[in-house]
Amino acid sequence: MIRPLLVLVREALEDKVAQTRDDDLLGGFGAWFGVLTPSFTTPDTRGVWSYQGVAADAIGAALGRVNAAELASGLEWLSARKFFGANRGGWGLEGDPVAVLALAVGMLAVLPADTPYRPWVVEFAGQALQHENDLWRRSLLYAARSLFGKTEWEHVAADLQVALEAKGLASTSEALREQARQIVFASDRDDSLERAIVRLAALQRLLDMEGMIDLRQTSVADVVDVLRRVPDALKRWPWNSPRQRKPAVTWEIASEYDVQALLFAVMRPLFDDLVDEEHLKSIGYKHPRVDLAIPRLRLIVEAKFLYESTQSGLANIIEEVSADTGLYLSQDNGYDTIVVFIWDNTGSVQHHRALVAGIRKLGGVTDAIVVSRPGGWREP
């Protein structure tokens, strides 16, 4: 969902990132992160080497525009130089964490794991950390080291980790992504150009992930959301398809068992511990059996089939659910909440609101969803 504040933040970051378009290194970084289409041209470093040119070659290698041999040649020259000397005056690469990270990114893209330049970058970034106090610039150096296995991610800014995750180079948690959201929305005009690139890349990653279910941290609310989307899954459901098909195919949903099969097909790829026809502890002579369940969420999903929209038919559904909750939750069976899914074979949408409201009042029921039989499905 695009909100006014989100639009403003995004536009401000895009305007700032656009300023890097003609910069070989920063423009290349923007292109690599997928937030910019720069006029990127790799510098001609033949005969006149500079650390900036090698760093630009590295990001060019990550973009597929510089080959491994060209990058290795530049790194050979760069690694042979003396750094951190007291007599060097104004420092170059020692004070340019963006260039250091670019070198790591380029090496990771095109050079073998046993290249001698990996440990050189790790050591170089470690020395640079001893002279750097700015947290953001230190974060870039820690990221360069972490890409080569130093596992110092706890020192890398959350927005940078999220941006690198989009490139498959990091892994983040929901807590860290929340930190990244706060950082992105706290952007100000004093941000460096490279920070703007990272924040925009992080924002793009967060937006891409907004529609996903984190399968490691699913909740009952996620299950409810999936069940509400069942009508979308019926778009390609075979029902006398107009396509050439011999014989014609009709997948009828004619009973509660068919509804269970539909829900299992929709939910099983998302919830790997979903079980069906689960037997619970016996109560006297009664042997309860739930339709579907997700043990790790302590959740039961009950499927119901509305055959007729009469007052008695609607009342029967509520009575059935009430009886189910009394059986399933009367003792500790490992479940403590129920979501009810009702297939309305009559298409009586005028009764859905009252039906759902009635079921929600039953103890132990978290929510209820009613889905109507599609209007184009004629009775067989």
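## Strands, helices and side-chain pairs

Reader: Hi! Where do I start with S3 and S4?

Author: S3 and strand S4 (residues 337–344) pair in the parallel sense, over eight bridges. Two strands pair if DSSP finds at least two bridges between them. Strands (E, at least two residues) and helices (H or I, at least four) are DSSP runs, numbered from the N terminus. This is a predicted model: local features need pLDDT of at least 70, side-chain atom pairs count only at pLDDT 80 or more, and totals for chains, interfaces and linings use all residues. Residues are numbered from 1 along each chain as its sequence is written, and side-chain values use heavy atoms, with hydrogens and water left out.

Reader: Thanks! Which residue stands opposite Ile300?

Author: That is Ile338, in S4.

Reader: And what order do the strands of the open sheet have?

Author: The order of the five strands is S1-S2-S3-S4-S5, with mixed pairing. Strand S1 (275–279) and S5 stand at the edges with a single partner strand each, so one side of each is left without a neighbour in the sheet. On average, neighbouring strands are turned by 35° against each other, direction ignored.

Reader: Which helices lie across S3?

Author: Helix H13 (residues 256–267) lies across S1, strand S2 (289–294), S3 and S4, and runs at about 135° to S3. H14 lies across S2, S3, S4 and S5, at about 155° to S3. Contact means heavy atoms within 4.5 Å. Axes are lines fitted to C-alpha atoms, for helices over the stretch in contact, and angles run from 0 to 180 degrees between N-to-C directions.

Reader: New topic! How many salt bridges are there?

Author: A search of the whole structure finds 21 salt bridges. A salt bridge is a side-chain nitrogen of Lys or Arg within 4 Å of a carboxyl oxygen of Asp or Glu. One of them joins the side chains of Glu320 and Lys304 (3.6 Å, N to O). Glu320 is in helix H14 (residues 311–328) and Lys304 in strand S3 (residues 299–306), 16 residues apart.

Reader: Is Lys304 buried or exposed?

Author: Lys304 counts as buried, at 5% relative accessibility, while Glu320 is partly exposed at 35%. Buried means under 20% relative accessible area, exposed over 50%, and partly exposed in between (1.4 Å probe, protein chains only).

Reader: Which residue does Arg195 meet in a salt bridge?

Author: Arg195 meets Asp159 (2.8 Å, N to O). Arg195 lies in helix H10 (residues 193–210) and Asp159 in helix H8 (residues 158–165), so the pair ties together parts that are 36 residues apart in sequence. Both Arg195 and Asp159 are buried. Asp159, Asp191, Arg195 and Arg199 are linked in a network of salt bridges.

Reader: Nice. What about aromatic rings: how many pairs does the structure hold?

Author: It holds 10 aromatic pairs. Rings of Phe, Tyr and Trp (its six-membered ring) pair if their centres lie within 6.5 Å; planes under 30 degrees apart count as stacked, over 60 as edge-to-face and the rest as tilted.

Reader: Why is the pair of Phe29 and Phe33 stacked?

Author: Their ring centres are 5.9 Å apart and the planes are at 20°, so the pair is stacked. Phe29 and Phe33 both lie in helix H2 (residues 24–33), four residues apart, about one turn of the helix. Phe29 is buried at 5%, and Phe33 is buried at 8%.

Reader: Last one: which residues do ring pairs link into a cluster?

Author: The cluster links Phe83, Phe84, Trp120 and Phe124.
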